[in-house]
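Subject: Structure for your review

Dear colleague,

Please find below the structure that I am handing over to you.

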Amino acid sequence: MHRDTIITFVVLTVLATGVWCGTAWGETLQPLPTDSRITMYAATSSTFISMYTQATRQMEVSMDLAAYTLSEAPSVSTMADHMFVWATTPDETDWGLFAPTGDTVTLVVHVVDSQKRLGKVVIKDFTSGAVIGQITASADHGSVQGNLTITWNSEYYQMTGVTPQGSNVFQVLSRRPPSDKVIPFTIGGGFKPCRPVTVACQHSQGCTGLAGSEGDPRSPDGTVAMTGGAVGISEGCALLDITNDASVENPYSPPSSLSVLSKKEVIKNTASTALGTLNVSDPADLQAVVNTIKSITDSQDLSPAVTNIQALPYSQGCAHWNAQIKGQATSVLYVPYMRVRRVSGWLTALLGGLVGVAPQQDWLSKLAATALNIFLQDVIKQQQTGLKPGQVSALGDVYLLISSEKFKKIDCLRNITENVTFQLVPNIAPPGNNKSGNGTVNIVQAWTTPSPPGANPSMFNLSFDVGGTAKADIPKGFKWTVFGKINVQGYEGSTVNFQTPVGSTVNINNTLKVLLQLKVYTKDQNGNGIPATVSLWQGTTQLSSQSTTSDGSGNYTCSFCQLQPGAYTLKGTAPPRGQVSQDVNVQIGILQEATLQFGPPKPPGP
């Protein structure tokens, strides 16, 4: 990682206490595998800063050196196969990652040739091929020793030994110490998402046995993380009173507490951006992490996890949704590249530190880094991994919320009913206008597709009042038959077919041929029923007088029975509206109706 990004690193607690006080590990000349008569030492010297603690100190750090024969072409890709010197870092925890405080460092070179063939050592920037400089050999041509200033951003340098006659005697590909580079890796785990706030309804026993603490499942802040591939599971429940007063099925959406849940949603991603701050040695390591995160983000499915519920025609109840909510987490950690690059199986050994870690209220990356650094307090684990306590760092997390519909149903499902009015309608009113009677309503079949909930009950007994009216709450969405009969000998009842909702009174005809009824309505100037006194006259003789009464349907009526056919006059009085009159021609066997309509009330006299 470059010094400019030092401040982005999490400073870990240093668990080791050793202090390295020297300015160098000591210059050790190593023989070239291509020519053992030549020994070599190369290092970078500078003031370096720890990326963990920001402490600084002067150090001379050896470089990676790879020897090639004169007939070979040096290559970064083959360098590891030709390495004879590996750069090392201080053994202290604080100095697993470090970089120079400036843009340049001092390149220290010392070459000794027992055959005294050296004229100079030419140093090139391997990437650009530009000559950085050269160091001239001693007078006896037995050694080359000197310093050059190089830039830290240039990582690879080619050093070529040249004889006084201009012939090459050795070539070495060197790499400045990759002390600022890291190896990122991912771990899998989970978190315990909150369960949505429970929504209750009137007609249900509610939600019971739900897992998880109540809150916003799409907010991972403050949740409990767990390692080892465990996935936290919560359960949400929402209820909704529904009324589908329609002849077709209708969908009902779950309450917002559940409708906001997607099947798969990344609710936290601090890893993707943070990856840009990493300085890795091998781009493939970074790409592997990028691919892992991409596979998670690409797996998102933002379609609703909890879907609508279909309510049957003319039904009501409590819609009940249960959702299962899982928390899957992937975290990115990193370790110093130079500490592990020569340790086989370091990652497998390190991840053993995540076994049996207790869940905690923290981000998975921090939970894992803390657990692994504690794990590295064991000296054997340090040997197996090459790492010291405090050298595992948390970079970021990707939290994936996985929601699914566990079930949906409608509790307390029942019919919507219609309060239906049944009216016995005789052709001639019975004596005393008493139209009381009895009847039954029976179900035939449902007429909607699909059918409403089963009608309960499916048969109703009716008792008609003196006005011939009966009412019953009849389930909607069905075809029915109704039979009604006036409780007077000689009346014939009838059967009527109807379906609900009917929207109007169901009239049931009753027939009688021996009586005549004159039914008088009294209304105001607007057609509204009003009480009044009505008298029946034949010529100048008043035959009868009655007061109109309400029939319960907004009308005021009275009846005159057993009348002889002929001409009659109806006179009505409705103080303070005055009097009105109307001629009526009464015929035998006809039920006649007359209306006396009054004007507006008259003001009182002086």
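The notes below take the helix first and then the sheet.

Please bear in mind that this is a predicted model.

Helix α3 comprises residues 283-298. Its 16 residues, counted at 1.5 Å a residue, should span 22 Å, and the C-alpha atoms at its ends lie 21 Å apart, which agrees with that expectation. At the start of α3, the backbone nitrogen of Ala 284 has a side-chain oxygen of Asp 282 within 3.0 Å.

Three names make up the buried set of α3: Val 289, Ile 293 and Ile 296. Viewed down the axis of α3, the buried residues fall within an arc of 50 degrees, so they line one face of the helix. The elements against which these buried residues pack are the strands β13 (182-192), β17 (262-269), β20 (315-336) and β22 (393-415), together with helix α2 (271-275).

Turning to the sheet, four strands are arranged in the order β25-β24-β27-β28; the sheet is open and its pairing is antiparallel. Strands β25 (459-464) and β28 (494-499) form the edges, each pairing on one side only. From one strand to the next, the twist averages 25 degrees.

Within this sheet, β27 (residues 478-486) pairs with β28 in the antiparallel sense, over six bridges.

With kind regards

Notes
Residues are numbered from 1 along each chain as its sequence is written. This is a predicted model: local features need pLDDT of at least 70, side-chain atom pairs count only at pLDDT 80 or more; totals for chains, interfaces and linings use all residues. Side-chain values use heavy atoms; hydrogens and water are left out. Helices (H or I, at least four residues) and strands (E, at least two) are DSSP runs, numbered from the N terminus. The expected span of a helix is 1.5 Å times one less than its number of residues. Buried means under 20% relative accessible area, exposed over 50%, partly exposed in between (1.4 Å probe, protein chains only). The arc is that of the directions from the helix axis to the C-beta atoms. Contact means heavy atoms within 4.5 Å. A polar contact is a pair of N or O atoms within 3.5 Å; within protein, one must be able to donate a hydrogen and the other to accept it, and residues adjacent in sequence count only if both atoms are side-chain atoms. Two strands pair if DSSP finds at least two bridges between them. Axes are lines fitted to C-alpha atoms, for helices over the stretch in contact, and angles run from 0 to 180 degrees between N-to-C directions.
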